[in-house]
Amino acid sequence: MPEVKLTNVVKTFDKGRIIAVDHVELHVRDKEYLTLLGPSGCGKTTTLRMIAGLELPDEGEIYIGDNLVSDLPPEYRDIGYVFQEYALFPHMDVWNNVTYGPRVKGWEEEKRDRIGREMLELVRLFERTDAFPSELSGGMRQRVALARALSSGSKLLLLDEPLGALDARIRTDLRYEIRKLVKDLQLTAIHVTHDQAEAMAISDRIAVMRKGKILQVGTPQELYLNPQHIFVANFVGESNFIEGYVADRTDHKLTVELRGGISVKSLNQDHKKGDKVVVAVRPEVLAIQKGKKSGVNSIIGDIEGFRFEGTNVRYEIRLENGDLAVVVRPALMAEWLSVGEKVTVAFPVEKSFVFSYPEKGLRTELALE
Amino acid sequence: MTAFSQPKGIRKLLSRFGVSATVASLVIFVFLPSFFLISFTFTQWPEVYTEVFANPLIGDTNWIEIQKYLALSLRLAVSAVAIGLVFGIPLAYILARKNFWGKGFLEDITTFTLVIPTSGFGFVTLIAWTSIFGVDSVYLIPVINVPFIMLIIHVALTFPYIVKTLKAKLEDMSTLFEQASGTLGSSPLTTFRKIILPLTLPAIFSGAVLAFARSLGETGATLVVSSVYTTAPIAVIRWVSQFNFGSAAFLGSLLIIVASAIILPIEFVLQKKGVSSFSFFSTLHIEKKLLKLEDFASRKLPRVRDLVVLLFIILVVVLPIIVVLNSVTLSWNSDPDTGKVTESVMYQLFGPSNYFSALIDATFVSFASAGIATYIATCIAIPTVFLIKRYRFGRFLRAILRVPLIVPTSALGLSILLLWGPQGLNLANPGIWLIILTHIVFSVPVVVEPMLATFEGSDIPLYEEASRTLGANSYNTVESVSLPLLKRGILAGVILSFTRSLGETGATFLVMGSATTIPPLVVNMVESLAIPAALFASTYLIALSFVLLMLFRKVTTR
């Protein structure tokens, strides 16, 4: 039942000087876990707050289910909202926090107590009902906040960076817990984060936002395998970006000439001959071999940097044309190479993306802020 | 020479000297005068007893009077605080949480009665309420009588304390809890009752405590309107002027004891425990009805709330000012009703009575005494703040520094008079030096409070540590890091103390001798029925207060 639809939503601050959300269209399906992903200041939290009614849009419409809620205050929207800073009422214990929603909605005592117990059991905090928020750890507080949001009985759960204030390990544990809970209770969830790994792990679909606009909406796989925007290619997973221009095109393939006269092949994405383009290749797609080898899309270079990162090893390679490329290989599967060695890097034709060279320059287009 | 190269013994000696000098000046200038009256009453008990309970001529009449005066004072204070709470809480909420056109102005108006010398404001209110409804209308509207006007004045002079403390607390408090409550389905009014009220209750209480203390000690404005109605502080002044020191000292001590007995326990409990979850309406039945009502009111009534609050401000603050400004222009050259030139502002100012030069003289005395008292108080207050923050006895020091703030000033004046004056150690005769000594007593805590607030709001210990790790010694750190960070607090304190000193009436009356300051001058004008002159003096005070207000605003807003 709770679908969420945003049409043409605009929100400005500071008398229109700051455009926080710029004509956003979004359709969140029923029982879907959707994440708004973007760097800080991209308007994702503002979007979520507008869905909750904590901000009102300047233009556009917001629907929850079939109801137009654009101008409705939060208390009439029937939502559950989890704040990054928990926002647990400091003067109430866990039990009173969790049953606050049922109480202010005037539900019967019996129903209130049943829901409170259920929710606390769901987040495994039933034995701490008498504790005050200041006595709990960060992870516990966020689980109480989650239980409190759920106990209002809403089928729509809004989460504003719910894991942002937690330690790294607790963060990864809790993200799976939240997803399981949402799926078990068959909720629609909208989750805001700037952490792409979290977004990939938790979501059915991700909407990538930047500077108030939604750039692409898709499943984690779609975003990773087929980014439609150069920013998405960099923000969802990493990418190497190599500048060049289109030397030749056939129906299926492009030949791109890079600096230093190296030419590489990629799939055609509607670029014309002579266009200035950027070829994006993910570090984990690049194969690396010792010595000079020849082949399709093979480029020679020297290893300039090497890091062991645990699961992976990471090489920085100065290509023969002077560009820098990053290669990531699984640590256990590869023979480690050392700094100064001559190597050849190569990538399959179908695993690279070609984007038009951005008008404002590559650096501006990739910038996080 | 750096601290490092100093022998440890000398450093220790210096710091010990600084601490004891600060404590000594606090004791001499602040604590001794605050408590002396009570000890005087005890040591002179036989004489006090005869005068109050067993006067050979009038028996225990004085004791009966004392009970009457105290009762009136307490009734006034309690009612003023109650009314102040009713209007002050919504006003503070609006000021802290809403944005609207003219908000800055509304804030200034709210602060105005804190700044204006109270005798001037008392006269302004008296004129406004009697001239609008007329003396005859006393019979048409039976409510408008002297006690009613007294109450209005006390409300006007005390509600800013409630508004200011609650507003500061609300601005400090994140709106997150209110938002969370909203997303959980509670209407703004329910949120107010269940979240905001419990979380801000300590602030509301301490605002109410300040308001109560101010009302209990209020002298200047009350003197102007009192006629036959005598409050306790006024009785102290009247008895002193009749040289009935025994009765005055006894009543003054009672005032100090009553104020401390009511205020200090509340403060102590609030500091210690805070207020945890509380509920007035536990049964679900009432709770449900209440929720519905709050939901309804939240949707329909915010306009009404804004209007009522606005009306309140206009009635108690704005209207009196406008009426007086109007009257002063009307009677500039001659009395508007009778046409008599002798009843005009110009005649009374520059005519035979020459109130203008009296006003100029009083201005000089006021500024000199306020300036010197504030300067000395600031010199004591700055090291005191560091004592409070750095030493274990700081908390205790802070608690007893509240006492001079709640001691009614006429009791304080009497205390000073009996301690330093001719009857006591005979250090100074009534006059400007005794005025200064009196003003220092309440100026020190007035300067300390905003400095402490700034100290607590600005992470000073962190920056001090940073400075020490960069190689600065503790003296350099205080000079180059802590004091600049405290600048705003110090300035705010200085202005607050200066205005308070400028407006002080009760104590000044007792210690001024012939060196009249402005507020007693206004009282004198009213008592000698020089109404046009008093009108002019009030206008002058209104203008002065606005200037001070602008200064204050400039200093405190970033």
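In what order do the strands of the open sheet of four strands in chain A run? The order is 2-1-4-5, and the pairing is antiparallel. Some notes for a first look follow.

1. Ground rules. This is a predicted model, in which local features need pLDDT of at least 70, side-chain atom pairs count only at pLDDT 80 or more, and totals for chains, interfaces and linings use all residues. Residues are numbered from 1 along each chain as its sequence is written, while chains are lettered from A and ligands numbered from 1 in the order in which they are written.

2. The model scores ipTM 0.80 and pTM 0.83. For chain B the mean pLDDT (the predictor's confidence in each residue, from 0 to 100) is 83, with 92% of residues at 70 or more. Within chain B, confidence is highest in helix 7 (residues 176-183), at 92, and lowest in helix 14 (residues 345-350), at a mean of 78. (Helices are DSSP runs of H or I with at least four residues, strands are runs of E with at least two, and both are numbered from the N terminus.)

3. In chain B the pLDDT is below 50 over residues 135-140, a stretch with four contacts in the model beyond near neighbours in sequence. It also stays under 50 over residues 274-278 of chain B, and there the model has 10 contacts beyond four places in sequence. A contact here is a pair of residues whose C-beta atoms, placed from the backbone, lie within 7 Å. Where pLDDT is low, the predicted coordinates should not be read in detail.

4. Strands count as paired if DSSP finds at least two bridges between them. Strand 4 (residues 59-64) of chain A is joined to strand 5 by two bridges, and they run antiparallel. One partner to look up is A:N67 in strand 5, which bridges to A:I64.

5. A second open sheet in chain A. This one has five strands in the order 15-19-16-17-18, again with antiparallel pairing. Strand 15 (287-290) and strand 18 (324-330) of chain A sit at the edges. On average, neighbouring strands of this sheet are turned by 45° against each other, direction ignored. Inside the sheet, strand 16 (residues 298-308) and strand 19 (residues 342-346) of chain A pair in the antiparallel sense over five bridges, and A:I299 stands opposite A:V345 of strand 19.

6. Strand 11 and its partners. Strand 11 (residues 240-249) of chain A runs antiparallel to strand 14 (residues 276-281) of chain A, with six bridges joining them; A:I242 has A:V279 as its bridge partner in strand 14. Strands 11 and 12 of chain A form a hairpin, with three residues between them.

7. The two domains of chain B. Chain B is divided into domain 1 (63-241 + 275-330) and domain 2 (331-558), with bounds that come from an automatic or database domain assignment. Their centres, taken over C-alpha atoms, are 23 Å apart. In chain B, 29 residues of domain 1 are in contact with 35 residues of domain 2. Helix 13 of chain B gives the most to the domain 1 side, with seven residues. By class, that side has 19 nonpolar, nine polar and one charged residues. (Ala, Val, Leu, Ile, Met, Phe, Trp, Tyr, Cys and Pro count as nonpolar, Asp, Glu, Lys and Arg as charged, and the others, Gly among them, as polar.)

8. A helix pair in chain B. How do helix 15 (residues 355-390) and helix 16 (residues 394-406) of chain B meet? Their axes come within 6 Å and cross at roughly 130°. Helix 15 and helix 16 of chain B are therefore oblique to each other. Residues making the contact include B:L387 and B:I388 of helix 15 and B:L397 of helix 16.

9. Where the chains meet. The contact takes 22 residues from chain A and 20 residues from chain B. On the chain A side, helix 3 (residues 100-104) of chain A gives the most, with three residues. By class, the chain A side has 12 nonpolar, five polar and five charged residues.

Terms used. Two residues are in contact if their C-beta atoms, placed from the backbone, lie within 7 Å. Axes are lines fitted to C-alpha atoms, for helices over the stretch in contact, and angles run from 0 to 180 degrees between N-to-C directions. Angles under 35 degrees count as roughly parallel, over 145 as roughly antiparallel, 65 to 115 as roughly perpendicular and the rest as oblique.
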